[in-house]
Amino acid sequence: MDLVWLLCIFVLFFGELSLGQSKPDVDAVNVGAIFTFSTINGKVAQIAMKAAENDVNADPTFLGGRRLSISMHDSNFSGFLGIIGALQFMETDTVAIIGPQNSGMAHILSHLANELHVPMLSFTALDPTLSPLQYPYFVQTAPSDLFQMIAVADMISYYGWREVVTIFSDDDHNRNGVTVLGDQLAERRCKITYKAALPPDPTATENDVIDELNKIKLMESRVIVLHTFTKTGLLVFDVAKSLGMMDSGYVWFATSWLSSVLDSDSSLSSKDAHSIQGVLALRLHTPDSKRKADFSARWKSLSNGTIGLNPYGLYAYDTVWMISRAVKTFLDQGNNISFSNDTILKNLGGGTLNLEALSIFDGGKQLLNNVLQTNMNGLTGPIKFNPDRSLVHPSYDVINVLENGYSQIGYWSNYSGLSIVPPEELYAKPPNRSSSNQHLNSVIWPGGTSTKPRGWVFPNNGKQLRIGVPRRVSYRDFVEQVNGTDIVQGYCIDVFLAARKLLPYAVPYEFVLFGNGLKNPSYTELINMIAADVFDAAVGDIAIVTNRTKIADFTQPYIESGLVVVAPVRKLNSSPWAFLRPFTPSMWAVTGVFFLIVGAVVWILEHRINDEFRGSPRKQVMTILWFSFSTMFFAHRENTISTLGRIVLIIWLFVVLIINSSYTASLTSILTVQQLSSPIRGIDSLIIGNSPIGFQVGSFAENYMVEELSIPKSRLIALGSPEEYASALESGRVVAVVDEQPYIDLFLSNHCQFSIRGQEFTKSGWGFAFPRDSPLAIDMSTALLALSENGELQKIHERWLSKKACGSQNSGSDQLHLQSFWGLFLICGVSCVVALLLYLFFILRKFKRHSHQAPEPSTHGSSRSARLQNFMSFVDMKEDKSRSKLKRKRNNHLINGYGESKSIDGSDILELDVSRQCKPSAPNPKPVERPYFRSPQPPLLRELGAANACAADALSALLQPANAANAAAANRAFRRKASAE
């Protein structure tokens, strides 16, 4: 295309040679302007630029005695004429060009500006693709359409729409703008579903518009963005009105061209005014100021009331002043306005083409830099360029077209997004683009309604949705065909119908069964039918898995569904040794060893300083064992004295506390929760094994196990019904079945001999499938959440899926039986019997020894009853007392040779008959000390020795082995005997 334009340039220049040009005025600063002055923006710009020129020249000293001269060229919608005007300006030593009005011409003329170093400033050619890197001498003095498209995308996202249709004039300006809009919508997870291209303005005809609008009318989206120019735009609205597309349910966005019409065209026909009611439009925002108010007051006299002022007129005025200030700075810097021949054109040797007439502006680069350094307050507000050459703080007014004009419902700025506060009031605050901070006032939409339109309808203008439903042959509680008809019912169907009732609009539909009825269909194929436009949706027990989400959109899950493993189990009967099961053998062994170790350590730490840990070796060993194992019940009575011993004991008691608690909890679980045994512990057991695994026909479980778990496909066996599950598991054809949780729950309600092993190893759910980016999926998700919140979803679940568990599973589960504990009672009983037998053995041995050492007198007889009575008395007697009595009887036996036993004060004493061995003798006046008694000797013995030495010696010999009590009794008896004699 550029080659064509260059050819036109050469032809044009050939024509200019014949026309000839007069020499430019050396005292004037020549500036050119290229516009179509029959358009609204062209008319407004012409008046505003002329006013600015007069204001600049009103001060002759502003440009150092020079005057600003703006030459106007009317391109009349023609790119060709626009190029002619640009070449004319280039030949007359023009320092800058304002325009062109059209972005298409800007792309071409920018090449001339780059070559000849003539800055071009435009406030209407706002194509986002006019990059300063490619066109360094082209400057946009109004916000680029990039920001306008961001504003449109923000509004679409603000209202929650996801799909839009665009209508545009197929030229560089509008086409590139729509492309940018698509990019901005994509960033907000929205998209353009259809782009309706019309011939460039103003060549579009009514038939062109009718053809495109009829296509759009049959589409799903009802949100339409119109990006074009005045004539084409009004034509589109007029045709849309006649087609009923300006009624309720439609949403129309118009770019800034419509606001220019509303501001400037007071002669807008009532037909046109009526056809644009309810439209949202953008208008370049210019903050209020005294200068703006004064200029607005002058406008009527400037325009003679022929046209109203719009923001482009303000930007036109500021653009002239921008150039004037740049030229002033250029001259103040000591530069001169001069031009030189282009050596490249000169070397071409144009023949009859006078290429030498095109000269390079020597100060063009400096003037361009001065323009980009502009920092002033104009009619449009503060004017300053960012490093990327965009104006600071681009902003727009958001207006809603009404029956009698329009209403401003808010603002958009690149700083803070949508707001109902003027942007200049927000610049002093931190930027906040959060969704909660985006606000617009209420809108009157097409059709006169204030209710926000849904923004979409079912495609083909209300045709019924074809909803695919799987024709299941098993688990028909979820989806079931009724008696061979097209009627379907089941849990999934009821959930869909309940959610449909909550939608704010009617959804015409028809269920279409998918599958041959002989086996469960493939759900992946069902989803593929949606992507192929065979079905408009799919309803059923459809698992939401990754591969399916790539080709369809799903609603929120309405039931949880993960893969689980079910396998045969054997119920563990209660065992007499159940109390041993909480700990493994190694745990029991380590625990016992540590009891002994801790006991030994405490004994070592306490032995030297604690009497309770001393004694004979046998006693110390028993102390260690008793102390160790009594800590199990915190029943130890030995005190620890050492600090180290106490530290060890505290730590050990804490360990014992944890062990006891864990043992108690585990034993409680074992005795109160039904225990099931199976070699399959979960999916890990299946992965490492080689046994066959069952799965449901049509389920995604097969692909998951093969692709994700790397289980060989040869191990997988397809099963089609719960009966096949049970048969395959019982016969051993498969060791386990992998299926989704809802199916397994239903299966186990009738087959108690199987159980889920392990945990769910995938987390997913079931949802309804719709085409990609379908808004119905979002609305259905909202309805499903509402069903969950109001409890209706649970009621549907209970109606279809709440099956009773097997009756025998829970019977008596809250009671504990004797069979769980008789092992403990057996151990206790055996220990009691063994202890009694040992005790009987030892007591008989002691009684026998007692009988031999202290025989009973013959007068008592030796009958069995008497012997039994003696034995019972011996057993009943306290051991310490019996031992003392044994010693006394032993002494009596020895003393019987000297006397006989009598009772004095209830006690047995010894009476010594000394007459048999000793005769009376003369008294011995001197007491005799006897070596058998510790000093001092008892007084009685000293007196007896003095009276009868023989008797004293005999008494001493008898009393030597007796204890102190027997000795005292013997002394009393001897004194009584002696006094009697």
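Which side chains meet in a salt bridge at 3.2 Å, N to O? In this predicted model, the side chains of D55 and R298 do so. D55 belongs to helix α2 and R298 to helix α11, which spans residues 290–303, so the contact ties together parts that are 243 residues apart in sequence. Both partners are partly exposed: D55 has a relative accessible area of 21%, and R298 has one of 32%.

This pair is one example from a wider set. Side chains of opposite charge can pair when their charged atoms come close. A search of the whole structure finds 20 salt bridges. Another of them joins the side chains of D397 and R283, with an N to O distance of 3.3 Å. Here the linked parts of the chain are again distant, since D397 sits in strand β15 (residues 395–402) and R283 in strand β10 (residues 280–284), 114 residues apart. Both D397 and R283 are buried.

N30 is found in strand β1, which covers residues 28–35, and it counts as buried at 13% relative accessibility. A polar atom of the N30 side chain lies 3.3 Å from the backbone oxygen of T92.

The aromatic side chains come next. In total, 34 aromatic pairs are counted. Among them is the pair of Y158 and Y159, whose arrangement is edge-to-face, with 4.9 Å from centre to centre and 75 degrees between the planes. The two tyrosines fall into separate accessibility classes: Y158 is partly exposed at 31%, and Y159 is buried at 9%. For F295 and W299, the ring centres are 5.9 Å apart and the planes stand at 50 degrees, so this pair is tilted. Why is about one helical turn the separation between F295 and W299? The reason is that they are 4 residues apart in helix α11. F295 is buried at 3% relative accessibility, and W299 is buried at 4%. Helix α11 is also the helix that holds R298, the partner of D55.

Attention now turns to empty space. Rolling a probe the size of a water molecule over the atoms shows where such space is left. The largest pocket has a volume of about 790 Å³. It is lined by 38 residues, of which F77, Q101, N102, D201 and F229 are the closest to its centre. Elements that give two or more residues to this lining are α2 (40–57), α4 (103–116), α5 (145–158), α6 (172–187), α8 (230–242) and α9 (256–264). The largest share, 4 residues, comes from α4. Helix α2, which holds D55, is thus also one of the elements that contribute to the pocket lining. By class, the lining comprises 12 nonpolar, 20 polar and 6 charged residues.

The largest cavity holds about 60 Å³ of space. Its lining consists of R472, Y523, D541, A543, R548, Q696, V697, G698, S699, F700, E740 and Y743. By class, these are 5 nonpolar, 3 polar and 4 charged residues.

The second largest cavity has a volume of about 30 Å³. L465, I467, F496, R500, L503, V507, F770, L776 and M780 form its lining. At least two of the lining residues are supplied by each of β18 (465–470), α16 (491–501) and α26 (775–789). The class count for this lining is 8 nonpolar, no polar and 1 charged.

Technical notes
Residues numbered from 1 in each chain as written. Predicted model: local features only at pLDDT ≥ 70, side-chain atom pairs only at ≥ 80, totals over all residues. Heavy atoms only, no water. 1 Å grid on protein atoms, 1.4 Å probe; cavity = no way out; pocket = protein on both sides within 12 Å on 5 of 7 lines; lining within 4 Å. Points joined across faces, edges and corners; volume = space filled by probe spheres on them. Nonpolar A, V, L, I, M, F, W, Y, C, P; charged D, E, K, R; others polar. Salt bridge = Lys/Arg side-chain N within 4 Å of Asp/Glu carboxyl O. Buried < 20%, exposed > 50% of the residue type's maximum accessible area, 1.4 Å probe, protein only. Polar contact = N/O pair within 3.5 Å; in protein donor to acceptor, adjacent residues only side chain to side chain. Phe/Tyr/Trp six-rings, centres within 6.5 Å; stacked < 30°, edge-to-face > 60°.
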